[in-house]
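Please look through the structure shown below.

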Amino acid sequence: MIKFSLSLVGSLIFFGGMNFFVSKPKAPIAAPEELKITRFAGPEVTPSPACLAVAPTGEVFVGIDMIGSLGKDPNKGRILKLIDKNNDGTMDQHIEFAMVDNPRGLIAQGEKVFVLHTTFSAETRAATGMDLVVFEDKDGDGKADGPSKVLIKNISNAKYIRERGTDHATNGIRMGIDGWIYIAVGDFGFHDATDRSGKKLTMLGGGIVRVRPDGTGMEVYTHGTRNVYDLAIDPYMNIFTRENTNDGGGWNVRFSHHIQSGEYGYPVLFQHFTDEIIPALADLGGGSGTGALFMDEPNWPEKYNKVPMMADWGQSMLYIHRVTPDGPTFTQKDEDFIKLPQITDLDVDGSGRLYLSAWDGAGYSGSPSKGYVALAVPKNWTYKAFPDVKKVSVKTLIELLKSSSAVARITASQELISRPNKQATKASLKVASDKSLSLESRIAGMYTYAQLAKENAIPSLVKLTQEDVMREFALRALADSKAYLKNVSAEPFLLGLKDPSKRVQAIATIGLGRLGNLETASALLQTKVPSSFTEPAKDVEGPHANPNSDIIIPHLAVQALVSLNALDACIAAIGTEQSNLALWALRYMHNQKAVDGLIKAYQQSKDEKLKKQILITLSRLYKKEDSYDASWWWGTRPDSHGPFFKAVLWEGSPAIEKFILAESKKTDANGRQFFIDLNARHRMEIPAFAVEEKIAATEEQKVDLEKIKNKEGQVGNSSIEDVLLAIAKLPGDPVKGKAIFTSQGCFACHSIKKGEKMKGPFMGQVGSIMNREQIAESILKPDASISQGFATVMISAKGDKTYMGFITEETATKVVMRNIVGEVFNIKATDILSRKEMDSSMMPAGLANSLSYEELASLVTFLSQQKK
């Protein structure tokens, strides 16, 4: 790797009618020797860049966000258009394209710019939600013409954006070659998001949602991720994300392959019900995933091409994930690629120029003097102008559709779709059918044709399913638009279930779920359930981040059966060779008919193993997830026991309870333990099976933090700047640092090992998230950067009680809080009168005052060595 720095000297800059003195510290960048990186625009123009999108012709649209993830005041955001007139790698002109707050995702497409952003009330200045909108610049002056057109309204939880900011809200957007806009939804979820057709959608938790560029057809694509910020889409419509998730200690990053209709389990299934989810491909330790891109440009070096590139803000790194096919999914190997301070986003133009935005220390609430945009190109790169597709012929667009450039293919496809004529339709089908072309080009041609011809495309798509190399993609296209599904035969999909290719089988399974033909349920039930379908041992975290290609197709089959509401077929399959899959699907069918069918099957069976599985299924059906109304959220450290977060009884619950109680009375003490365990695992809370919870008494050493911080030593008698400069030159002794961690009272609020009881911010992997300087600064200035989920919270409760501390656990019924001296409080949710997140850290400043430079350096070194 070649390392160098980009820096600006302090200078007086006039910006927006205000004077700022910008003093830019050196920001080290590391990149492969094959690349050349330059600064394209600095903080005087692009402070706090949260997202960016690049037009194929090279104009860069940057979302400036000086609200940040935790700020709450409006009128601090805008979209800038940056232009490099002479193509020398430096911005020559910038234009204010539009004013929006909290821009989180951008797509530049011709005269249109799609933007995902937070909305605010002009009267109250409070956040009202998030919208996906489109701006247009029809006169070509670089500025949006008039107000935006809303495509989706309220696609996040307004209540928690107001209370917390956008840190878990809806984020990046990217268009696939299939013509859908894919949206990364954080685990705030949303209630009654409304697209332009008036369709409403509610989603509890995070995942991926998609919508057509005209704002219609909104639907959930995948569900069960935590804080996914952006997504990378390859030419074959594989979608990859680098999202983080709460796994009981810290916030580890997971790399996932998103398969349509898949359930990824956060927060209620991904630890203790991992047999039911699609697992992530890797747990990558601490970090914070941000922008994503699938690089597929012919002028990039082969070893850096045709790969997902994923930014990580916490690690200040752009990673490459080398994915290898594994049945219907992949395995992966990640590697460092470009080091950039707090990288937020990336995108590439039609000439192969890769643009990257860096937050560069702008803080959680943005900064007017931090952040920039960088440009990366291969060293042998030469500029080649990308054509203005509005001015070229259909023939030229078809040649672009055949290109080895993903940017060229999707740009040509969208332009052809905007010209719905016979020539464009016929020519795109010809590309799809031409066996001499690359598979990427044929897929691009097929999706272009499908969008142009609409329902008239069905016969040609069916014909393409008869070709081995195109079968997977043609089946997907056939089931892609719900508006035309009534005209699509199930036969190609039923044949696909028997295809030698696991990828074809997966797409066929998804397609049958979308077609809605109940007669196909019997075929779906033929799917074999692998031996890996086993629940984790009691209180043991399951393999939620280990590839398991064998579970994918049965998982998708279950999702399809549930979508079909195939109750009768599943009940009929109990006790047959399809029993395991049927019972798996019945876990999610909260219907009285399902309860009656399960009880009847139990009573008729003499197979004790099967009867046990039926009881497990019934106990799982005893409760269901409460309807989501966006009035609550599970917080940053939710109860992840599962299988529900806010469980409620339903009309089938009494019959289940009566039956289970009756069966339990027929057993001996050993048999009764089975019912007790079921009650605990599925949290049925049936009193007859309750076991008194024994809480081991623990004596924790009390720490007098006031006494510690009032001692004056070398650190306390020096400025923060002098301290940081001094310890930068001192290596420190990690053994001494470990002792200081105890003597300075750090253990009162921080745990180091996974097995220890979670307290405040987990320090067991802090070294993989922060460098020595950042760790030192967080100790010296605790209020400057408060760890996510550990802001001080003040709760007022019934009985004139007040609690102040940080939340260590939260369920639908209680909040567990820990204060600064280590006292733990269990507060009933029904007793809480008010809850307010404070602006200050619970960690008092001055805890390092009594230390010498050498001692602080040792503490910092010890913490920097705590990695995954």
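How do the residues of the lining of the largest cavity divide into nonpolar, polar and charged? There are nine nonpolar, four polar and three charged residues in that lining. For these classes, Ala, Val, Leu, Ile, Met, Phe, Trp, Tyr, Cys and Pro count as nonpolar, Asp, Glu, Lys and Arg count as charged, and the others, Gly among them, count as polar.

The model is predicted, so local features need pLDDT of at least 70 and side-chain atom pairs count only at pLDDT 80 or more, while totals for chains, interfaces and linings use all residues. Residues are numbered from 1 along each chain as its sequence is written, and side-chain values use heavy atoms, with hydrogens and water left out.

Rolling a probe the size of a water molecule over the atoms shows where empty space is left. A cavity here is a set of points, on a 1 Å grid over the protein atoms alone, where a 1.4 Å probe fits but cannot get out; lining residues have an atom within 4 Å of a point. Grid points are joined across faces, edges and corners, and a volume is the space filled by probe spheres set on the points. The structure has three cavities of 30 Å³ or more, and the largest cavity holds about 140 Å³ of space. Its lining has 16 residues, of which Asn238, Ile259, Arg476, Arg503 and Ile507 are the closest to the centre. At least two lining residues come from each of strand E20 (251-258), helix H7 (471-478) and helix H9 (502-515). H9 gives the largest share, four residues. Helices (H or I, at least four residues) and strands (E, at least two) are DSSP runs, numbered from the N terminus.

The next topic is helix packing. Axes are lines fitted to C-alpha atoms, for helices over the stretch in contact, and angles run from 0 to 180 degrees between N-to-C directions. Helix H2 (residues 394-401) packs with H4 at an angle of about 25°, and their axes are 10 Å apart. H2 and H4 are therefore roughly parallel to each other; angles under 35 degrees count as roughly parallel, over 145 as roughly antiparallel, 65 to 115 as roughly perpendicular and the rest as oblique. Val394, Ile398 and Leu401 of H2 make the contact (heavy atoms within 4.5 Å) with Gln423, Ala424, Ala427, Ser428 and Val431 of H4. By class, this contact of H2 with H4 has six nonpolar, two polar and no charged residues.

Helix H4 (residues 422-433) also meets H5, where the axes come within 7 Å and cross at roughly 145°. Among the residues that meet are Leu429 and Ala432 in H4 and Met446 and Tyr449 in H5. The contact of H4 with H5 has eight nonpolar, six polar and one charged residues.

H5 (residues 439-453) packs with helix H3 (residues 406-417) as well, at an angle of about 20° and with axes 9 Å apart. H3 and H5 are therefore roughly parallel to each other. The contact includes Arg409 and Leu416 of H3, and Glu440 and Ala444 of H5. By class, it has four nonpolar, five polar and two charged residues.

Some backbone details remain. The peptide bond from Tyr266 to Pro267 is cis, with omega near -5°, and Pro267 lies in the loop between E20 and strand E21 (282-286). From Gly642 to Pro643 the peptide bond is also cis, with omega near 0°; Pro643 is in the loop between strand E29 (623-625) and strand E30 (647-649). Asn75 is not a glycine, yet has a positive phi of about 65°. Asn75 sits in the loop between strand E5 (60-65) and strand E6 (77-83).

Key:
1 Å grid on protein atoms, 1.4 Å probe; cavity = no way out; pocket = protein on both sides within 12 Å on 5 of 7 lines; lining within 4 Å.
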